[in-house]
Each structure stands twice: as C-alpha cells, then as structure tokens.
Amino acid sequence: MGFSTVPTSFQTALHWHRPPTLDGMVKPSSPQQTDKPGWVNALVDYGGQPEIYTYRVPDDLEVQAGDILTVPFRQQQVGAIAIALLASPPQLLHPEQIRPIEGIVEKRFFSSSYWALLQRVAEYYQTPLVQVLKAALPPGLLARSQRRLRLCPERLPAQINTQITPAVLNLLNTLRQSTTGDYAWPYLQRQGHSYRAMQKLIQLGWAESYLAAPQFSKPQRQQAVTVVSNPGGTSPELTPRQAEILTTLRHHGGDLWLSEALQLCKTSSATLKRLVASGHLVIEARERLRAEAGPTLAADQPKALTPDQAKVVTVINSCDRARQILLHGVTGSGKTEIYLQAIAPRLAAGQSALVLVPEIGLTPQLTDRFRRRFGPQVCVYHSGLADGERYDAWRQSLHRQNPLVMIGTRSAVFLPLRDLGLIILDEEHDSSYKQDVPPCYHARTVARWRASLENCPLILGSATPSLTTWVECRDLSPAPPQGLPTIYLSLPKRVHARPLPTVQVIDMREELHQGNRSILSRHLQTALQEMKRQGNQGLLFIHRRGHSSFVSCRSCGYVIMCPHCDVSLSYHQPHAHSAMTLRCHYCGYSQGHPHHCPECGSPYLKHFGSGTQRVVNALAETLPELSCLRFAGGEADLLVGTQMLTKGIDLPQVTLVGIMAADGLLYMNDYWAGERALQMLIQVAGRAGRGEQPGEVILQTYTPEHPVIAAVTRHDYETFLAPEWAQRQLLQYPPASQLVLLRLGSTDPDLVPQVAMTLADKLKLLLQGIPHSLLGPAPAPIVRVARRYRWHILLKFPLGIALPDLQGLRAVCPATVSLTIDVDPLNLT
C-alpha cells in the first residue's frame with residue numbers, strides 16, 4: 001500500500017511525516033532495531049482511515065512493536081499502534097522535523113504470540129502489515145478509545161518517600177479515594193492534575209495507563225456512580241439520609257450504574273448530585289457493553305454419544321497441545337455435539353474456544369445451540385454486527401477474565417482471545433474462508449498458525465474435506481510434512497443410525513424427448529406433491545440467483561450485457577406480476593427489461609438458464625398449492641435457494657431435496673471445479689432425512705454419466721478424491737504445488753496490459769534459479785468488472801520451497817494500476 005508524499009512545507013508546518021510508500025519503510029516483520037531505536041512507525045487511526053506515520057521516540061521512553069501510544073496528530077492527541085522501530089529517520093526529513101510521541105498508553109497491548117501471528121500473515125500473504133491490522137482490528141479501535149489511569153495498590157510502598165512532589169501525592173490521594181482507583185485522563189486533568197504527575201506515577205509503578213472502550217453512540221453510554229469518600233468515617237456535614245445512601249452504595253461495591261443506584265437507594269438524582277458537589281461521589285458517563293440481541297433460550301444438557309462420537313471426543317479431549325484434527329463426519333453425524341463436548345472441559349479449565357463458520361447466515365442457528373449449552377459465555381463476531389458490537393466482542397476477547405466461546409466468520413480468526421484452548425473450523429472446505437482482497441488470507445491457514453503459536457488443538461470439521469486438508473491429514477503429500485502434527489477422525493454414520501438419503505438421478509434429456517419442457521422433471525413434481533400430502537418440507541437447490549442467467553434476442557442473437565463489466569445481465573422477476581429487471585451480479589448495475597432488442601428492435605427476447613426466481617415462478621404455475629420461500633425465515637413447504645443451502649444448516653423436517661440443473665457446477669473454469677461441485681452436491685443432499693423420517697434426493701442433470709454425479713449417488717466422497725489427487729499431481733495444481741496469482745486492474749484498457757508485460761519481464765529476472773512456471777500475462781477470464789480492466793499473471797512453485805518476496809513489484813506499477821498479490825488463490829476469475 002503506497003502513500004503519497006506530503007509537501008515539505010506542510011510537513012514542516014505540522015512536524016509530522018507520512019512515508020512515501022510502505023515498501024520504502026523498514027519491514028514491520030523484521031524491523032531494524034538497536035539498543036535504543038530513535039524512531040517508530042505507528043499506525044494512526046484518524047477519521048476512520050488508518051495509515052502509517054513516523055514519530056521520534058523520547059529518550060525516557062522504551063517503545064516496543066505492538067505498544068499503544070499517544071501521539072500528536074495535527075492539533076490533537078490521538079491513539080496509535082507501534083508497528084516498527086527504526087534505527088534512522090526517513091531520508092526525506094531532518095530529525096528535528098519529526099514530532100515525538102507523547103507517551104505509552106498500554107505496553108504489550110498485543111500478546112507476543114498474537115503479534116507474531118499478524119506479522120506471519122503479512123509476510124506469507126505478501127501484504128503490508130497495516131492491511132493485516134485493518135482486517136484484524138475492529139473499526140475505530142484507536143480513534144474513539146479513551147485513555148485511563150488505574151491505581152496499582154499492590155505496588156505501593158508501606159511508607160511514601162517524602163521527596164515525592166505534592167502534585168504526585170495529590171494525584172495519588174485522588175486515586176485512593178476512588179473505590180475503583182480508576183479515572184479517565186481528561187477527568188483527572190479537569191480536576192487540576194498535570195500530565196507530568198500522571199506520567200511520574202506510571203514511572204514509579206504505582207499506577208498504569210490503559211486503553212478503555214470507545215464511546216460509539218450516546219444511547220450506549222450510561223451514567224455511573226462511584227463512591228470516593230473515606231469509608232472509615234462519616235463527614236459531619238452529611239445528613240442521616242445521605243450517610244445511609246453512601247453506606248448502601250459501599251455495601252454494593254461502591255461503583256454502580258446511576259439507574260441501579262437510584263433504584264437501590266430509593267432516592268433521586270438531585271440527592272446524589274448534592275453528594276457529588278460535596279466530593280463524596282463522582283458521576284460520569286461510561287460505556288456499557290453492547291451484546292447481540294437474541295431470544296431467551298432454555299438450557300440443554302450434553303447428549304448421549306454414539307460409540308463413534310464417544311471415541312472422537314475421547315481423542316480430542318486427550319489433546320493438550322497443538323494438533324490439526326480432521327473430523328470427517330457424514331452429514332447428520334453429530335459434529336456439533338462433538339464441538340460442544342470438546343469445548344466444555346476447556347471452559348472448565350479456564351480456557352477459551354474459537355469457533356469459525358463460513359457464513360454470517362449460519363451463526364444464529366449455531367449460536368443458539370451453543371448458548372443453550374454455555375449461556376452468556378458465548379459471544380458473536382462478524383461483519384454484520386454494528387461497529388460498537390464488534391468492538392465490544394473484540395474487547396471482551398482481549399480483556400475478559402472468564403473464558404469465552406467466540407463464534408464468528410473469517411475475520412474472527414484474529415480475535416485476541418487469552419488462554420485459547422481450542423480452535424474449530426466448521427465446514428472447513430468452504431471457500432468463504434478465503435479472502436479475495438488484501439490481505440488475501442485463508443482463515444484455515446491462519447488458524448493453523450494460531451494453533452501452533454497458542455499450542456492448542458485445531459479441529460477441521462466437514463463431511464466433504466478439502467483435498468488440501470485430506471492430503472495433509474492422510475499423509476499423502478510427497479513433500480516433507482510441515483506445520484502441525486495431524487490426526488484423522490471419522491464419523492461414518494448418522495446419529496440414531498438414520499440412513500443417508502437415497503439419491504435418484506433424472507436424465508433431463510429423456511424428459512425433453514418425452515415431451516416435458518418444464519424445468520421440473522415429472523418425478524420431482526410427483527415427489528413434491530407427495531411431500532405436501534404428508535405434511536413434510538423440502539429444499540430445491542439451484543446454483544445461480546435471479547430468474548435467468550442471460551437475455552438474448554432470438555432474431556439477431558444479441559445478448560444484453562452490463563455496460564461496466566464483460567458479463568451478461570441476469571434477468572430478475574420476483575413473481576409473475578412484478579417488474580422485470582436486469583442486474584449485474586459483479587458490480588450491482590441494474591436496468592429495466594427492454595421491450596425490444598436494443599440491437600435490431602425485434603420484440604422476440606428469450607430468457608436462457610434458470611435461477612431461483614424462475615424456479616419459484618415455475619412452481620407457482622405447476623404446483624400452486626405449495627408455499628415457497630427463497631431462503632428466508634418463516635413457515636413454508638419448500639425452501640428454494642443457492643449455495644447457502646449447502647453450508648451446514650440443520651432442518652430436521654426436510655425429507656425431500658431437489659437439485660436443479662446440477663450441470664452448471666460441473667464445468668466451472670478452474671482447477672478444482674469437480675471437487676467444489678461434489679462438495680456442494682453432497683452437502684445439499686445431506687439436508688434431507690436428518691429427522692425421524694428418511695430422506696430422498698432427486699438430482700436433475702443432462703450428464704448423468706459424470707463421475708461427480710456417480711459419487712453423489714453413492715455418498716462416496718473418498719473414492720472421488722483418489723483420481724482427483726492423481727490429476728492434480730499430474731497437472732501440478734494445489735495441493736501438489738503452490739500458486740500465486742498477480743491481479744492487475746486499471747480503468748485504462750491500454751495501460752494495464754503494458755504494465756502486465758513489464759511485470760512479467762521483471763519476474764523472469766527475479767525468479768532466475770527458482771523452480772517455477774509462469775503463465776501469462778493474459779486477460780482475466782472476465783476482463784472488465786466495474787469499469788476496471790483486469791489482467792492476470794499466474795505463478796506455480798513446487799511444494800516445499802519458500803515463496804519469493806514479490807512485494808517490490810508494486811513499485812513498478814503506476815498509481816493508476818492496482819496490483820493484488822494472491823497467495824494460494826481459489827478464485828482464478
């Protein structure tokens with residue numbers, strides 16, 4: 001990530017420095033350090049746009065990477081994170097032009113293992129540390145946080161040295177008078193205490209500075225009451241009623257919310273304000289932690305385990321150090337109960353657990369299950385929460401003394417949980433764990449590193465493990481083993497000995513030959529009618545959204561395209577009588593459906609392909625007695641949806657699953673299309689028959705002979721993996737090799753291929769002597785997205801070699817051309 005150079009006159013006026021580029025700075029992962037580094041690069045969060053700035057380190061301060069600092073920024077004092085220590089200042093500035101940091105708010109804010117994790121992510125995924133911090137930290141961590149001073153009574157000497165200045169003694173007495181011994185710096189300064197006195201108290205070790213929660217919005221702030229009078233006696237000016245109030249407050253800890261104090265003491269705000277005026281109380285606004293709203297849930301107890309489950313739990317609970325455990329259980333085999341019974345002993349031992357799920361939509365169902373078992377120890381963290389809720393969850397993971405169960409999506413892998421005892425990745429095969437924008441990390445890889453640093457087990461759960469995980473945990477890789485020791489655990493049967501659903505393949509070619517032109521086969525229509533008659537529920541899976549995948553003119557063949565992307569517009573019509581629209585699923589562009597062809601004026605426009613809307617409309621025409629939902633909550637006979645239906649949701653009443661046009665999954669343009677198709681199909685088939693009644697799956701396809709279709713009918717994932725692994729080895733695709741994809745983008749269609757060619761020439765020199773294959777440069781499969789033209793360069797490396805540092809290539813790119821380095825890419829489009 002580059003930063004433009006600030007004009008010298010502006011730097012001199014404000015005495016701060018913004019580095020020209022981060023690549024020109026000392027790398028955060030291996031900063032130059034001396035016995036006493038004189039400068040520090042710090043991440044300053046100002047105005048919601050965190051960036052790197054350089055400051056001087058005063059002689060009386062010892063700064064370490066990861067410390068929280070107070071730094072001058074323009075006319076304010078703001079929070080910052082020390083990123084890297086520098087032996088010399090930036091070359092463009094004289095040392096006197098660089099302003100010093102004001103102080104250290106909190107030392108070692110990040111644990112050494114957590115800081116090492118962030119640095120490893122930055123190094124492996126070849127992205128500046130600042131981008132990793134942006135992904136790892138909650139919004140507004142520094143911008144709105146409050147610096148506070150806390151007394152450390154256990155460090156106070158029995159006799160205070162008489163040489164201590166009156167200002168320091170006065171501050172010490174103020175802190176001693178407080179029940180909590182804790183005040184905000186601005187409050188203390190308003191009371192007349194100097195910054196120098198507060199710093200001196202910290203240097204003596206009698207108090208410590210720390211960063212408290214930010215105030216995000218007024219409704220989330222509450223007035224708090226703190227007793228500050230001497231509990232050893234009663235002042236003569238107190239009335240009996242006032243003395244009674246103080247006694248009551250002290251008996252309840254001396255620190256309460258104002259609303260609680262008023263109710264407890266049965267008094268008024270005016271009475272408490274008079275006690276504030278007399279110096280016996282302090283009332284100040286304080287943040288109250290927000291929590292995700294949810295229903296009150298009845299507690300449940302651990303369920304009886306099957307013999308297979310019991311063996312798995314025994315093995316997991318015997319692991320007390322870093323291990324990678326592949327939990328390979330068929331759909332409905334009870335993996336969630338194993339997670340719960342693996343977490344319970346960790347919580348009892350004072351350790352926390354981190355549970356990752358691939359999609360936000362899965363968290364409510366899983367969270368409810370966990371809260372029934374563990375109650376308020378369960379917290380949630382994902383991008384769908386408000387900023388304040390995300391900050392609170394992040395802060396609880398850092399500071400809360402009691403063990404927690406944190407459930408979250410991809411970014412939750414960075415939550416700084418203390419005493420982490422277990423990490424779980426549910427549906428570990430899911431591609432949602434991989435981020436496509438910098439930092440392009442995979443949560444599974446980061447979780448492995450974290451388990452190693454925290455020395456705790458990592459459970460990877462799935463009915464359809466990724467080939468990468470399968471090869472690692474079954475010791476199939478030809479490369480020497482790296483990373484965590486592995487354990488393979490299997491759950492080959494469903495709980496309560498329930499059978500896996502039967503799978504019937506319908507050849508849609510035969511349906512057409514026999515006169516059925518509907519997108520619903522006759523067998524599926526009959527099965528849906530029987531499902532309705534019996535009062536059961538069903539799912540229909542379609543791999544694309546919208547009504548149809550594209551609109552074409554039957555007269556001239558013109559296809560209506562997105563004006564900003566090189567893709568066709570998808571036809572959308574929520575129901576038969578609603579407005580018809582065309583929408584781009586890449587950039588969000590939409591327009592009304594034309595009545596005539598924009599090219600030739602013909603009125604004969606045809607909708608090709610089928611999406612969820614078209615399926616719902618066809619059902620309304622063919623089976624109007626069915627009530628349908630397009631993946632939403634509520635009561636319905638049938639749920640119609642896309643990939644979300646494959647992601648581990650548990651619907652016990654579902655007895656029928658229909659898979660529409662499975663062929664669209666089989667011929668995707670990437671090296672792992674077969675693996676991904678089989679994972680989706682087995683996962684969605686596994687939604688059937690999870691309750692008391694057996695399940696049935698009807699799979700419609702035009703290629704019933706495809707090996708993926710054959711594997712689905714047998715629920716045989718392992719047999720498919722053997723030839724798939726052989727093919728990957730032959731073609732040298734992951735996990736038989738390492739890939740790095742360089743993505744270039746620009747609004748200039750002529751400049752981006754020129755830069756791509758220049759980068760390719762640079763790579764040939766850079767990679768001399770390193771075994772590799774270079775594919776490209778070439779236009780991306782979809783050249784233009786959101787008005788940006790895209791080119792790719794794909795690099796292949798053998799297993800077991802360290803990837804070369806490619807970050808210097810960013811300096812070759814003009815400001816108008818972006819370069820994304822995607823290590824271990826999944827999406828090649």
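Analyst: Let's begin with a term: two strands pair if DSSP finds at least two bridges between them. Helices (H or I, at least four residues) and strands (E, at least two) are DSSP runs, numbered from the N terminus. This is a predicted model, in which local features need pLDDT of at least 70, side-chain atom pairs count only at pLDDT 80 or more, and totals for chains, interfaces and linings use all residues. Residues are numbered from 1 along each chain as its sequence is written, and side-chain values use heavy atoms, with hydrogens and water left out.

Now to your sheet. Five strands make up an open sheet in the order E2-E1-E4-E3-E5, and their pairing is antiparallel. At the edges are strand E2 (51-56) and strand E5 (103-106), each of which pairs on one side only. From one strand to the next, the twist averages 50°. Look inside the sheet at strand E3 (residues 68-73) and strand E4 (residues 76-86): they run antiparallel and are joined by 6 bridges.

Next, a pair of helices. Helix H20 (residues 673-685) packs against helix H22 (residues 717-731) at an angle of about 165°, and their axes are 11 Å apart. Axes here are lines fitted to C-alpha atoms, for helices over the stretch in contact, and angles run from 0 to 180 degrees between N-to-C directions. H20 and H22 are therefore roughly antiparallel to each other, a label for angles over 145 degrees. Contact (heavy atoms within 4.5 Å) is made by Gly674, Glu675, Leu678, Gln679 and Ile682 of H20 and by Tyr717, Phe720, Glu724 and Arg728 of H22.

The peptide bond leading from proline 734 to proline 735 is cis, with omega near 5°. The bond from proline 438 to proline 439 is cis as well, with omega near -5°.

Finally, a salt bridge is a side-chain nitrogen of Lys or Arg within 4 Å of a carboxyl oxygen of Asp or Glu, and the count comes to 26. One of them links aspartate 300 with arginine 373, with the closest N and O atoms 2.9 Å apart. Aspartate 300 lies in the loop between strand E11 (281-287) and helix H10 (307-317), and arginine 373 in helix H12 (residues 363-374), so the pair ties together parts that are 73 residues apart in sequence.

Note on methods
Parallel < 35°, antiparallel > 145°, perpendicular 65-115°, else oblique.
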